[in-house]
Amino acid sequence: MQLALFLSVCLIAACGLIYELVAGALASYLLGDSVTQFSTIIGTYLFAMGIGSWLSRFVVRGVVTQFVVIELLVGVVGGVSSLVLFLAFAYTEAFRFTLYGLVLLIGTLVGLEIPLLMRILKDRFSFKDVVANVLTFDYIGALFASLLFPLLLVPRLGLVRSALLFGVINVLVGLWSTWLFRDVLPRRRWLQGAGVAALLLLSVGLWKGQAITTLAEEGMYADPVILAKDTRYQRIILTSWKDDLRLYLNGHLQFASRDEYRYHEALVHPGLSAARARGRVLVLGGGDGLAAREILRYPDVQQVTLVDLDEGMTALFKTHPRLTSLNARSLVDKRLTVINADAFTWLDTHSAQFDFVIIDFPDPSNYHVGKLYTSAFYRLVKQHLAPGAFIAVQSTSPMFARQSYWSIVTTLEGAGLRTWPYHVYVPSFGEWGFVIAGLDGYAPPTTLPAGLRYLTVAGVPALFDFPADMQRVAAEPNRLNDQVLVRYYEHEYDAINR
């Protein structure tokens with residue numbers, strides 16, 4: 001019995017942490033800025049646990065019964081929390097209120113669990129053994145959950161089913177407790193009936209959870225969702241309407257198939273066509289293979305190395321028929337090697353040099369991505385440039401995020417690179433900005449590959465001309481220890497969304 005009790009502590013701790021991680025991950029997916037979301041949610045959750053611990057002092061009678069009831073409540077509320085949050089984001093204007101309301105409620109209930117359990121155990125074991133063992137198994141459960149969440153739960157089950165699964169575990173702990181403490185539970189049958197009802201509810205959620213999530217996400221996107229996938233790093237959504245296929249990562253549009261060629265032709269060809277050599281090309285990001293498609297138009301490209309963090313992303317774009325049709329099967333081309341790694345770490349541990357480097361990361365909407373726009377990162381990239389090599393950088397919109405765009409330019413210059421900023425109009429995004437950077441001089445190309453749908457030799461020089469409302473403004477460089485770019489970006493896009 002002693003082992004069963006302390007195993008229950010381990011499971012309770014794991015469940016509580018999973019609900020907290022689900023709320024933080026889902027908020028960062030939907031609201032962006034993972035640092036802010038996780039920080040505020042963890043703080044609120046711990047505060048709520050303190051409230052729960054304080055409230056436990058008022059439970060003076062029926063402690064075992066109250067403990068079982070709380071287990072069932074935590075299981076149901078925590079289990080359905082991600083479903084409720086998806087629906088709240090899609091169909092209401094009260095997402096933040098719902099998010100922090102749920103975090104407060106779950107945290108308060110979790111805060112009640114351990115004090116009540118310790119009071120139950122104090123008559124069975126010595127006080128020092130109760131404290132030592134309960135806290136030991138509580139921390140073990142937290143470690144177990146923190147490892148399981150990114151490595152197995154999110155990529156295999158997703159956020160919704162992960163929460164529901166641990167809701168089931170919480171309820172099972174409650175039911176198990178009705179047997180362990182059967183000698184002091186006067187209303188055991190009633191509690192067991194409530195536990196079975198909770199299990200049925202959560203089981204229906206596990207069965208229908210994906211369908212409900214899809215319904216919620218269809219309310220979030222203008223077009224029907226044809227694929228929804230959680231990876232260790234992000235939520236991938238594909239929507240389709242007639243001949244337009246759209247990719248969203250964590251709710252942010254990455255491309256629309258009807259005009260992505262404008263973006264990718266502009267990203268690749270003004271720099272690559274002008275490069276002194278094209279034998280070895282490095283792509284950082286670009287896991288959709290669309291930039292690689294453009295690179296592979298050049299017969300003198302001998303080797304392309306594509307470094308993208310998310311294996312789930314590159315695997316999808318290697319295998320999904322509509323996506324491989326869009327990227328011309330570039331990710332399985334014999335000249336291309338896919339490496340799933342953090343670009344910062346990979347650059348720091350490899351010494352290869354390249355004739356051309358494309359940096360195609362998502363916009364710097366959070367600090368995790370923002371580190372890939374810092375002077376430290378660009379100095380690292382510079383070390384991998386062969387003589388005469390250029391870099392082409394996706395640099396957000398000089399129209400809608402003007403100061404952010406010019407901060408990227410300033411950061412590249414601060415890393416010791418010469419820059420040639422340019423822009424292109426992409427209907428799905430509006431005006432979009434890029435930067436060519438290098439150590440030597442640049443001149444627009446005099447030839448381009450055959451078969452391009454947008455770029456022409458005559459039209460390339462015009463890309464480097466900025467109208468008055470997009471011309472350079474003062475902006476600080478983005479440093480690893482002070483990511484001013486993320487703050488610029490948040491401020492500019494918050495102003496647009498007001």
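This is a predicted model: local features need pLDDT of at least 70, side-chain atom pairs count only at pLDDT 80 or more; totals for chains, interfaces and linings use all residues.
Visitor: What does the secondary structure of the chain come to?

Guide: Helices (H or I, at least four residues) and strands (E, at least two) are DSSP runs, numbered from the N terminus. Here there are 15 helices and eleven strands.

Visitor: What percentage of the residues in the chain is buried?

Guide: A residue is buried under 20% relative accessible area, exposed over 50%, and partly exposed in between (1.4 Å probe, protein chains only). Of the 498 residues in the chain, 56% are buried.

Visitor: How far apart are the end C-alpha atoms of helix 14?

Guide: The expected span of a helix is 1.5 Å times one less than its number of residues. Helix 14 (residues 402-414) has 13 residues and should span 18 Å; its end C-alpha atoms are 18 Å apart, which agrees. Its buried residues include Tyr405, Trp406 and Ile408. Gly416, with a positive phi near 90 degrees, follows helix 14.

Visitor: Which residues make the nonpolar surface patch?

Guide: Patches are made of residues with over 30% relative accessible area and no salt bridge; like charges are joined within 9 Å, nonpolar side chains (Val, Leu, Ile, Met, Phe, Trp, Tyr) within 5 Å. In this structure Phe47, Ile51, Trp54, Leu55, Phe58 and Leu104 make a nonpolar patch of about 580 Å². Helix 2 (residues 34-55) gives the largest share, four residues. Leu55 lies in helix 2 and is partly exposed, at 32% relative accessible area.

Visitor: Is His269 buried or exposed?

Guide: His269, in helix 7 (residues 260-272), counts as buried because its relative accessibility is 0%. A polar contact is a pair of N or O atoms within 3.5 Å; within protein, one must be able to donate a hydrogen and the other to accept it, and residues adjacent in sequence count only if both atoms are side-chain atoms. The side chains of His269 and Glu294 make one of 2.7 Å. Contact in general means heavy atoms within 4.5 Å. Not counting residues up to four places away in sequence, His269 touches several residues, among them Ala274, Tyr298 and Leu452.

Visitor: How many salt bridges does a search of the whole structure find?

Guide: Side chains of opposite charge can pair when their charged atoms come close. A salt bridge is a side-chain nitrogen of Lys or Arg within 4 Å of a carboxyl oxygen of Asp or Glu. The search finds twelve. One of them joins Arg258 and Asp244, with the closest N and O atoms 3.6 Å apart. Arg258 lies in the loop between strand 4 (252-256) and helix 7, and Asp244 in strand 3 (residues 244-249), so the pair ties together parts 14 residues apart in sequence. Arg258 counts as exposed at 52% relative accessibility, whereas Asp244 counts as buried at 2%.

Visitor: Which residues are linked in a network of salt bridges?

Guide: The network links Glu260, Arg293, Glu294 and Arg297.

How values were computed: Residues are numbered from 1 along each chain as its sequence is written. Side-chain values use heavy atoms; hydrogens and water are left out. Accessible areas come from the Shrake-Rupley method with a 1.4 Å probe; for residues, only the protein chains shown count as cover.
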